[in-house]
Amino acid sequence: MLRFLDAGESHGKMLVAIIEGFPSNVEIDFESVNKFLSRRQKGYGRGARMKIESDKIEVISGIRGGKTTGAPICIAIHNKDYENWKEIMDYLKEYKEKVTVPRPGHADLNGVLKYDLDDIRNVIERASARETAIRVAVGAICMELLKVFNVKFISRTVKIGNIVDTTKVEEYSDEIVNIIENSPLRCLDKKVEKEMMDLIDKAREEGDTLGGAVEVIAFNVPQGLGSYSFYDRRMDYLISGSVMSIQGVKAVEIGEGIKGSETKGSQFNDKIIFEDGIFKRASNNSGGIEGGITTGMPIVVRAYMKPIPSIKKEFETVDIYGNKIKSRYERSDVCAVPSLAVVVESVLAYEILKEFLNKFSGDSLADVINSYNHYNLRVGGGKNYGRSFANSTK
Ligand SMILES: Cc1cc2nc3c(=O)[nH]c(=O)nc-3n(C[C@H](O)[C@H](O)[C@H](O)COP(=O)(O)O)c2cc1C
Ligand SMILES: C=C(O[C@@H]1CC(C(=O)O)=C[C@@H](OP(=O)(O)O)[C@H]1O)C(=O)O
């Protein structure tokens, strides 16, 4: 079974991850992995930290000669900012200037109470969304295997504050990807994007922050991943839990979950059709998942992020000893919604690959390909659902 663990602090030496259960002989394109990391760092509204970091992965084990070996993959991302935080982050010598004013909205207060800490710094360091850098690296490695099976993603911003991009994306296109990848907010509607940027500027001037929403679509995911047979095997359970675990995410929607709740069954159901010997759906309100199993239609996930909790504008609060005090500001992003889109893309890639390998299991890429092709011969009527068969090890 594919699994991973990660560790590391925001201003510590590095972030690390160990991925286990990844098949052998998968070619890893490091340029592509590092590009994924740099996509996460971009986005209008990000703070000063992103000018310091230029995330790149270092391979410690499990990849040799550009290919996975089947052994646990260990990777690291070094924090450049560590140089500026060495004294504060020293693991032997106690740093005397403790952080004692918790920020509402962050893990600060809950963390010190739960772990009996007298320095909020110990909470901030691990609760920080800096951790998403290594999660994206894990997702990027998963993507290298999904690419063999032509699984592709589009991830974009659909909302900043109350400004919404209503553009619909139903099919994958390189043109759409190009627009998104070259835009400041990963937004498709340029007019709406300008309004969003103005809103971010206004929030920054006011010493305030913003949230929003992203949409991520996975194309060419085969039918049959996940299961209705047990709650924790349901694809929608796995995806929503994983997306919800991303720092700041407060709601997850699959397909037309929200709008659909206002319609009738006859309108919401995706009509089943049978064409050229294969089953298809005439629409995709279910967002590619029915009964906890992928339908073969695109998987559509929307994630909603609350406004960034660290606020420059001063307000009255209390410290961890209960004393009334002015709020404390910690260097921060004003808005991180475009970055969230890339993080959701990578956690989705991980969850899809995990179930993909549960269904088409194999210790080597060739075994996985055989299993995949065999299944597609059966349910795809020998033709598959318009996806190309994975028949190479490239
Ligand atoms: C990519 C990204 C960047 C973030 N940057 C900041 C930030 O600069 N300052 C901040 O206070 N919160 C930031 N957050 C949000 C916090 O990490 C998050 O609100 C906090 O961990 C508590 O979230 P939770 O209640 O969902 O766990 C960021 C989140 C993401 C996904
Ligand atoms: C470091 C990243 O995001 C950080 C997430 C974050 C938080 O509180 O979640 C706070 C900020 O960190 P710092 O205090 O160093 O400025 C963000 O920059 C990153 O995305 O790589």
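Arg46 touches Asp333, Ala336 and Ser339, leaving aside residues up to four places away in sequence; two residues are in contact here if their C-beta atoms, placed from the backbone, lie within 7 Å. This is a predicted model, in which local features need pLDDT of at least 70, side-chain atom pairs count only at pLDDT 80 or more, and totals for chains, interfaces and linings use all residues. Residues are numbered from 1 along each chain as its sequence is written, while chains are lettered from A and ligands numbered from 1 in the order in which they are written.

Let me stay with Arg46 for a moment. Arg46 lies in the loop between helix 1 and helix 2 (49–52). Helices (H or I, at least four residues) and strands (E, at least two) are DSSP runs, numbered from the N terminus. Arg46 counts as partly exposed because it has 18 C-beta neighbours inside 10 Å. The rule is as follows: buried means that 20 or more other C-beta atoms lie within 10 Å of a residue's own, exposed means 12 or fewer, and partly exposed is in between, with C-beta atoms placed from the backbone.

An unreviewed UniProt entry lists Arg40 and Arg46 under "binding site". UniProt positions are given in the numbering used here, feature names are shortened, and annotations may be inferred rather than shown by experiment. Arg40 sits in helix 1 (residues 30–41). Is Arg40 buried or exposed? Arg40 counts as buried, because 27 C-beta neighbours fall inside 10 Å. Its contacts, not counting residues up to four places away in sequence, are Thr132, Ala133, Val136, Ser339, Val342 and Val343.

I turn now to the ligands. Ligand 1 is surrounded by 21 residues, and the closest are Ala129, Gln247, Ser310, Asp333 and Ala336. A residue is near a molecule if its C-beta atom, placed from the backbone, lies within 6 Å of it. Which element gives the largest share of the shell around ligand 1? Helix 12 (residues 337–359) does, with three residues. By class, that shell holds 10 nonpolar, 10 polar and one charged residues. In this scheme Ala, Val, Leu, Ile, Met, Phe, Trp, Tyr, Cys and Pro count as nonpolar, Asp, Glu, Lys and Arg as charged, and the others, Gly among them, as polar.

Around ligand 2 there are 14 residues, the closest being Arg49, Ser128, Ala129, Arg130 and Arg331. The shell of ligand 2 has two nonpolar, six polar and six charged residues.

Next, the overall fold. The protein has 13 helices and 17 strands. Along the principal axes, the C-alpha atoms fill a box of roughly 70 × 50 × 40 Å. Of the 394 residues, 41% count as buried. Among contacts with a separation of 6 or more, 70% are between residues 24 or more positions apart.

Two strands pair if DSSP finds at least two bridges between them. Strand 7 (residues 152–160) and strand 9 (residues 212–219) pair in the antiparallel sense over eight bridges, and Phe153 has Ala218 in strand 9 as its bridge partner.

Two asparagines belong with this part of the chain. Asn150, in the loop between helix 6 (132–148) and strand 7, has a positive phi of about 65° although it is not a glycine. Asn220, in the loop between strand 9 and helix 9 (235–244), also has a positive phi, near 65°. Asn150 is partly exposed, because it has 15 C-beta neighbours inside 10 Å. Asn220 is partly exposed as well, with 19 other C-beta atoms within 10 Å.

I finish with a hairpin. Strand 11 (residues 272–275) and strand 12 (residues 278–281) run antiparallel and are joined by four bridges. Ile272 stands opposite Arg281 in strand 12. Two residues lie between the strands of this hairpin, and Asp276 in the turn has a positive phi of about 50°.
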